[in-house]
Amino acid sequence: LALALVSFSCTGPIVGTLLVESATIGGMAPFVGMFGFSMALALPFTLFAAFPGWMNSLPKSGGWLNTVKVVLGFLELALAFKFLSNADLVIQGHYLEREVFLAIWIGIFLVLSLYLLGFVRLPHDNPIEKLSVGRTLLGTTVLMFVIYLIPGLWGAPLKLISGFPPPLAYSEAPQGFGGSKDNVQHAENPDMHLGPQNLQVFHDFDKAALLKTFKEDTYKAINEGISLNPILNSFQWVVNTYQIPHELIDTFLNSMEMDLNKSAYDQSKYEEYILGSAEVVGLMCLKVFVEGDQENYEELKPYAMKLGAAFQKINFLRDLKADYQELGRTYFPGIDLQEFNATVKKEIEADIELDFHQGYLGILKLPKKARFGVYMAYKYYFKLFKKIKRTPANTILNERVRIPNYRKVRILLTSYLRHNLNLL
């Protein structure tokens with residue numbers, strides 16, 4: 001019973017996933033997974049039952065076992081704070097920011113190193129006459145780990161354990177020691193600034209020249225099949241592997257160029273921008289999803305374009321404040337944002353709703369293995385759209401509507417369950 005209770009927290013997700021997969025997809029994978037799980041649990045008991053003499057060769061319990069329990073207890077305590085920090089990240093509570101988390105870990109592992117080196121004793125420990133070589137090496141290693149953690153309090157990236165502490169942005173000083181959240185200049189390049197959402201912007205550079213260079217680098221990577229830029233190298237691999245038409249890439253890059261000069265869009269330019277910035281992105285993704293099946297691609301093409309358009313129009317609505325007040329542009333044609341009201345907002349929402357409906361029908365026709373990611377994105381944007389619909393027009397102009405992180409986690413989990421249980 002104790003073994004079952006202790007192991008369930010780790011094995012539950014594995015067994016649960018296998019059970020869902022067996023009930024939906026089937027095949028050999030659930031059988032192999034459950035066989036491996038049962039084999040791992042049963043094998044030790046089976047071997048000791050078949051060869052009881054082996055029990056006598058096991059080391060006897062004593063002081064060493066208490067030391068093992070103490071070390072594992074410290075590790076479990078450290079990992080408990082890791083899971084607490086994950087929960088804090090989801091709810092954005094800022095109770096366990098990076099500096100606090102690292103300070104706790106430094107304290108835990110410092111006490112553990114002192115314990116291993118014999119400076120701290122616990123009630124059930126046997127007296128230590130001299131330290132073994134193994135214990136001394138382990139204690140020294142833990143102490144070195146503590147020293148490695150300390151610079152993290154001042155903004156060091158700590159790449160060896162980057163997956164454990166909260167990200168650098170989730171800290172009291174995201175810019176590191178001596179920086180501040182109000183510091184708008186990028187640390188590595190004083191000519192580069194941080195814009196909305198702390199993204200790097202290039203207002204002090206020749207943007208047209210930068211975009212021209214980027215286009216040239218993109219096509220060079222595609223034609224040569226390699227690039228030292230890891231993003232372009234990944235992109236060229238996808239383009240060449242799935243035979244994505246170059247006209248889709250041309251249309252996408254042309255829409256980027258439109259943002260250099262356009263501040264207001266008429267109906268034709270609006271449709272051209274939607275095509276390049278959203279609809280062709282849906283088509284490029286669709287090329288990957290259907291894996292070369294041209295007939296399936298042609299069937300799903302209009303649905304992919306509608307879903308991409310819906311996503312982009314929601315982005316326009318969500319970012320009205322940043323686009324209009326900070327960048328001085330508006331995408332929706334024929335709309336004076338000085339007179340943006342509930343009636344205008346409802347007209348835009350009605351157009352988005354039609355695109356959403358068509359996009360959803362296309363999701364249902366996607367290949368099974370490509371459907372989950374698209375469905376999850378659809379659910380996220382649909383939740384955002386519903387929240388925008390509930391938000392007054394004047395609020396849209398003054399603040400950015402967003403979905404809290406804990407709701408994003410819920411969307412992920414419910415989308416996964418609905419997809420695997422065929423409840424879309």
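Mentor: Helix α9 crosses helix α10 in a left-handed sense (the near helix is turned anticlockwise from the far one by less than a right angle; helices are DSSP runs of H or I, at least four residues, numbered from the N terminus). This is a predicted model, in which local features need pLDDT of at least 70, side-chain atom pairs count only at pLDDT 80 or more, and totals for chains, interfaces and linings use all residues. Residues are numbered from 1 along each chain as its sequence is written, and side-chain values use heavy atoms, with hydrogens and water left out.

Trainee: Which orientation class do α9 and α10 fall into?

Mentor: The axes of α9 (residues 246–261) and α10 (residues 267–290) come within 8 Å and cross at roughly 135°. Axes are lines fitted to C-alpha atoms, for helices over the stretch in contact, with angles from 0 to 180 degrees between N-to-C directions. Angles under 35 degrees count as roughly parallel, over 145 as roughly antiparallel, 65 to 115 as roughly perpendicular and the rest as oblique. The two helices are therefore oblique.

Trainee: In which helix do Lys212 and Glu216 both lie?

Mentor: Their side chains meet in a salt bridge at 2.8 Å, N to O (a side-chain nitrogen of Lys or Arg within 4 Å of a carboxyl oxygen of Asp or Glu). Lys212 and Glu216 are four residues apart, about one turn of the helix, and the helix holding both is α7 (residues 207–224).

Trainee: How many salt bridges are there in the whole structure?

Mentor: The Lys212 and Glu216 side chains form a salt bridge. A search of the whole structure gives a total of 12.
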